[in-house]
Amino acid sequence: MTNNFFAWHRFWCYFKKLWMEHRSQFYIATGITFGVLLMVMLATFFLTCSYNDGEALANYQVISMAETISGWASFIYTIVMIVAASQFFSDGKLKSGRIHVLTTPVSMFENWLARVCLFVVAYIIMFHVVFNVVELLRALLMTTVHYEGPMLWGGIAHISFYSDQYWEIWFYFTAFYAFLITTYMLGSVVFLRRSLLLTTITLLILLFTGGIFTLFIGVGRIENGLHFFYWLAFLSVANLWLSYRRLCEMEIKNRR
């Protein structure tokens, strides 16, 4: 293996190799995401329209529709990113896979970064592209119910766009999703087998422990919830670093 830290040509070649190996999985995830979001949009749209007796939709109905779709989209986004991040090192489950990774002529940083780009960044982009396509279809459907008000585009945490604390809410969501995604990334290189299950169990144990600790010190002593999300942001960076270091220290022998 080369000792160089990073070279763009090697990185790009390895990323293309990973893409060729996992593109069918990516296409399947894209199709499932589109189908589920489309069903949510259509169900919400027709349920909303069924109460207006053929009349034009009122503004509050459109806002309620957008918030419902956004809420479901947030849940679907969470599931998609958890599953994608848990596949971060799926080829390391078997001894032969780890040998292949260790003998590939790229640095571990290039290996790690290529996986981040494929299993995190690519899925984030995919979800938002699919979501906006579904939103475009909803905008076209809105023309069939003679809605004359301004078009509202939903999104993750749609309701936050109408809040005076927009940037704080945006930070809450970003820190939460970053922590969740990086935790499952780390779990994928720590728990080589059944990483999705074992990482979920670990998170549930930590959540239970944190809940007991909160009850012990008293909820009233937690004055600023923003501090909690500062910790989530810090732990997200720590998870990224630990996932890289764990990949660097990977061994061929089987681990649970």
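**Exercise 1. The nonpolar core**

Find which residues of the largest nonpolar core touch the most other members.

*Solution.* Start with the members: the largest nonpolar core has 57 residues, and Leu-37, Phe-89, Tyr-123 and Met-185 touch the most other members. A nonpolar core here is a set of buried Ala, Val, Leu, Ile, Met, Phe, Trp, Tyr and Cys residues joined through side-chain atoms within 4.5 Å. Buried means under 20% relative accessible area, exposed over 50%, and partly exposed in between, with a 1.4 Å probe and protein chains only.

Next, sort by element. Helices H1 (8-49), H2 (59-86), H4 (108-142), H5 (166-190) and H7 (225-248) each give two or more residues to this core. H4 gives the largest share, 15 residues. Helices (H or I, at least four residues) and strands (E, at least two) are DSSP runs, numbered from the N terminus.

Then take Tyr-123. Leaving out residues up to four places away in sequence, Tyr-123 touches Gln-25, Phe-26, Ala-29, Val-80, Met-81, Ala-84 and Leu-118. Contact means heavy atoms within 4.5 Å.

The model is predicted: local features need pLDDT of at least 70, side-chain atom pairs count only at pLDDT 80 or more, and totals for chains, interfaces and linings use all residues. Residues are numbered from 1 along each chain as its sequence is written, and side-chain values use heavy atoms, without hydrogens and water.

**Exercise 2. Aromatic pairs**

Classify the pair formed by the rings of Trp-19 and Phe-26.

*Solution.* The whole structure holds 22 aromatic pairs. In the pair of Trp-19 and Phe-26, the ring centres are 5.3 Å apart and the planes stand at 65°, so the pair is edge-to-face. The rule: rings of Phe, Tyr and Trp (its six-membered ring) pair if their centres lie within 6.5 Å; planes under 30 degrees apart count as stacked, over 60 as edge-to-face and the rest as tilted.

Phe-26 also pairs edge-to-face with Tyr-27, at 6.5 Å centre to centre and 65° between the planes. Phe-26 is buried because its relative accessibility is 12%. Trp-19 has 23%, so it counts as partly exposed. Tyr-27 is partly exposed at 48%.

Finally, one aromatic cluster is formed by Phe-6, Trp-8, Phe-11, Trp-12, Phe-15, Phe-109, Trp-112, Trp-241 and Tyr-244.

**Exercise 3. Helix geometry**

Determine where the kinks in H1 and H4 are centred.

*Solution.* Begin with the spans. The expected span is 1.5 Å times one less than the number of residues. H4 has 35 residues and reaches 50 Å from first C-alpha to last, close to the expected 51 Å.

Then locate the bends. H1 has a kink of about 60° centred on His-22. The kink in H4 is about 30°, centred on Cys-117. The bend at a residue is the angle between axes fitted to the seven residues ending there and the seven starting there.

**Exercise 4. A loop residue**

Is Arg-194 buried or exposed?

*Solution.* Arg-194 lies in the loop between H5 and helix H6 (195-217). Its phi is positive, about 55°, although Arg-194 is not a glycine. The relative accessible area of Arg-194 is 53%, so this residue is exposed.
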